[in-house]
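These notes are meant for a colleague who is opening this structure for the first time. Please read them with the sequence and the model side by side.

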Amino acid sequence: MASDSTPRRPTRSFFRRRRVYLIPAILFAFFLLFSTPWSLPPLNLPGLSSSLSRASIVSLVKGPPVEEIYGLLHFVTSDDDRMLSHSVKVDPVAPIDLTVYLGGDQPDWKSHMRRLREEYPLIVFSKSFCPFSKKAKKLLEAYNLSPPPRIIEVDLRDDGDFIKLILTRLTAHSTFPNIILNGQELGGSDDLHTLRAQGKLKKMFENAGMTVRGDIVKEQETQ
C-alpha cells in the first residue's frame, strides 16, 4: 500500500504560537532598554564612544540635543505671562536646562521648533526706549514681512535682567536690539542696516520662509 510522501505544510497554529512568545519578548527587551539603567563595558573601537549606556542610545534615537537658544525663544514667545525669574532659581550666566524653558509645556521640542520656524522665524529682543532698537524696528516695518517679526521689549518684562544675561551668554551680543533669525543671531541695528546695504537682507528673510511685501525696500536694495 503506497504511502503519501507529500510533505505537510506547517499549520497556522504553529506560527500563532511563535507570535505569542515573540511579542512579549520584544516588549520585555524594550522595557529593559528604556526603563532600567545599564551600561556596557568600555569599548576600545575607533570612532565609537568608550562606553554605551541606555541614556546614550536613547539620545541617539531621539537625535541631536536642542540648543538652549530655542528654549529661550520658546519661552518668550509663549502666549501666557510666564516670567523666567518667577519659575525656578536659575543662574543666567550658566547653561540652563531646557525643562526650565518649558513652563509646564510638553517636552516636544520638535513641535516647539516647528512652531518657531512657522510663526516666529524673526524675533527681535528690543528695549522700548532705545534709539537703536527703534531704528531697527523701523527698517523691519518697511519690509512688511509675513509672518511679522515678534518683538520682545525686554525692559517691559520682569525678567528683563535675566533675558539680557542669557542672551549675552548665548549670542555674545550684550546690547539691544538683538535680532534672531531662525535661531541664529543677526546682530544689532547696525548689522541689520549693513546687510540691507549689501543686498543680502531680503534674501535672508526669504530663505527663512518669510514673505517680503515691502516695495520700497525692494527699490532700495542692491539687486
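This is a predicted model: local features need pLDDT of at least 70, side-chain atom pairs count only at pLDDT 80 or more; totals for chains, interfaces and linings use all residues.

**Notes on the sheet, its helices and the aromatic pairs**

1. A helix over the sheet.

2. The pairings, taken one by one. In general, the strands of a sheet pair through backbone hydrogen bonds, in either a parallel or an antiparallel way. Here β1 pairs with strand β3 (residues 150-153) in the parallel sense over four bridges, and within this pairing F125 stands opposite I152 in β3. With strand β4 (residues 178-181), β1 pairs in the antiparallel sense, again over four bridges, and the bridge partner of L122 in β4 is L181. Strands β4 and β5 also run antiparallel and are joined by three bridges; in β5, Q184 is the bridge partner of L181.

3. Is strand β1 (residues 122-126) largely enclosed or open, and why? Five of its five residues are buried, so β1 is largely enclosed by the rest of the structure. The cover extends to both faces of β1, with L122, V124 and S126 buried on one side and I123 and F125 buried on the other.

4. The packing of α7 with α9. Two packed helices are described by the angle between their axes together with the distance between those axes. For helix α7 (residues 131-143) and helix α9 (residues 189-197), the angle is about 35 degrees and the axes are 9 Å apart, while the crossing of the two is left-handed. On the α7 side the contact is made by F132, K135, A136, L139, L140 and Y143, which meet S189, L192, H193 and R196 in α9. The residues of this contact divide into six nonpolar, two polar and two charged.

5. The pair of F75 and Y101. The structure holds two aromatic pairs. F75 and Y101 form an edge-to-face pair, with 6.4 Å from centre to centre and 75 degrees between the planes. Because F75 lies in helix α3 (residues 68-76) and Y101 in helix α5 (residues 98-102), the pair ties together parts that are 26 residues apart in sequence. F75 is buried, with a relative accessible area of 2%, and Y101 likewise counts as buried, at 0% relative accessibility.

6. The pair of Y143 and F205. Y143 and F205 also form an edge-to-face aromatic pair, with 5.3 Å from centre to centre and 85 degrees between the planes. Y143 lies in helix α7 and F205 in helix α10 (residues 201-207), so this pair ties together parts that are 62 residues apart in sequence. Y143 is buried, at a relative accessible area of 0%, and F205 is buried as well, with a relative accessible area of 0%.

Definitions and conventions. Residues are numbered from 1 along each chain as its sequence is written. Side-chain values use heavy atoms; hydrogens and water are left out. Axes are lines fitted to C-alpha atoms, for helices over the stretch in contact, and angles run from 0 to 180 degrees between N-to-C directions. A crossing is left-handed if the near helix is turned anticlockwise from the far one by less than a right angle, and right-handed if clockwise. Contact means heavy atoms within 4.5 Å. Ala, Val, Leu, Ile, Met, Phe, Trp, Tyr, Cys and Pro count as nonpolar, Asp, Glu, Lys and Arg as charged, and the others, Gly among them, as polar. Buried means under 20% relative accessible area, exposed over 50%, partly exposed in between (1.4 Å probe, protein chains only). Two strands pair if DSSP finds at least two bridges between them. Rings of Phe, Tyr and Trp (its six-membered ring) pair if their centres lie within 6.5 Å; planes under 30 degrees apart count as stacked, over 60 as edge-to-face and the rest as tilted.
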